[in-house]
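Visitor: Could you walk me through some charged pairs and explain the labels you give them?
Guide: Gladly; here is the model.

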Amino acid sequence: MNGTATSGGNGGRWALEAYGLGKKYGRAWALLEESFRIPAGRVCGLVGPNGAGKSTLLGMAARLVEPTRGELRIFGRPVGDPSAMPRFAYLGQDKPLFKRFTVAECLRMGQELNPGWDQAAAERIVREGRLSLSARIGSLSGGQRTRVAFALAFGKRPDLLLLDEPMSDLDPLARDEIGSLLMSEVAERGTTVLMSSHMLSELEHMCDYLLVVAEGRIRMAGDADELVPLHTVVTGLTTDGALPDALASHTVIDVRTAGRQFTALVRHEVPLDPAWQLAEPSLEEVLLGYLRHPEAPALLSPTAVPDTREERVA
């Protein structure tokens with residue numbers, strides 16, 4: 001899914017741009033003055049351990065959290081600009097729906113609050129889940145409530161959908177159903193998605209762009225198809241318990257040993273020794289390597305690196 005938004009100018013090319021963005025709670029930084037960007041029309045997986053800054057980042061994009069420093073733009077507009085508000089929708093893990101409302105009343109609320117509301121699309125999402133419009137939210141299962149929440153989000157017709165672990169409380173069948181709903185709606189509308197998730201295998205099938213956060217810093221960002229092939233899983237024998245000297249010319253992200261044998265996730269700058277056993281890693285293996293070792297050098301593909309201030313002004 002490599003679409004591009006149709007609106008003109010730089011604001012149509014980049015869904016989200018951060019310049020020196022930081023958030024501090026008391027004396028602790030949740031996000032450390034980071035810069036990155038996400039192209040429009042992509043499904044971006046936001047990955048990181050608990051406390052890494054994922055929810056803080058999504059909160060700042062949704063205007064629920066005020067940045068301490070830096071600037072955040074949505075389709076070229078400052079996130080605080082009133083014109084940016086209709087262009088995004090936010091859905092968190094708790095999905096705060098009114099339990100006494102019926103499904104129809106929830107959709108009516110969405111219609112009253114959003115000028116560009118698409119009632120037909122919202123009702124279609126609900127009916128595809130075989131939900132009655134007269135059912136009360138409190139009587140629904142977790143998967144059914146999540147479907148109603150997605151109907152509210154897509155009914156707004158957002159250009160950017162911000163998802164903070166919205167499917168974490170669902171069983172595997174409901175996750176598959178809601179995941180299929182998300183991907184079909186995104187494909188139909190070309191919506192940009194920024195979605196945090198701990199389910200790495202799920203991200204591998206749904207996302208074509210990555211944003212990896214650890215200890216408040218961006219560790220990896222860019223096209224998944226560009227980032228993963230830059231890595232190789234190397235298996236070989238240690239020398240007196242140490243890694244071979246030939247690995248020193250590469251960036252070693254993660255290493256595991258078993259007896260004399262080592263297995264390393266390597267970001268290779270020059271060709272690797274063919275005497276070693278070499279394999280292409282999965283996206284999950286690459287993500288786990290960076291999550292285990294947040295001290296590893298950051299890796300950003302060209303699309304993820306924002307313009308300098310001079311380039312923006314020009």
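Guide: What follows is a short talk about salt bridges and accessibility.
Guide: This is a predicted model, where local features need pLDDT of at least 70, side-chain atom pairs count only at pLDDT 80 or more, and totals for chains, interfaces and linings use all residues. Residues are numbered from 1 along each chain as its sequence is written, and side-chain values use heavy atoms, with hydrogens and water left out.

Visitor: Why is the contact of R69 and E33 called a salt bridge?
Guide: The term asks for a side-chain nitrogen of Lys or Arg within 4 Å of a carboxyl oxygen of Asp or Glu. R69 and E33 have N to O at 2.5 Å, so the pair qualifies.

Visitor: What makes R69 and E33 a tie between separate parts?
Guide: R69 lies in strand β4 (residues 69–74) and E33 in strand β2 (residues 28–39), so the pair links parts 36 residues apart in sequence. Strands here are DSSP runs (E, at least two residues), and helices are runs of H or I, at least four, both numbered from the N terminus.

Visitor: Where do E185 and R189 lie?
Guide: Both are in helix α6 (residues 172–189), four residues apart, about one turn of the helix. Salt bridges that share partners join R124, E128, E185, E188 and R189 into one network.
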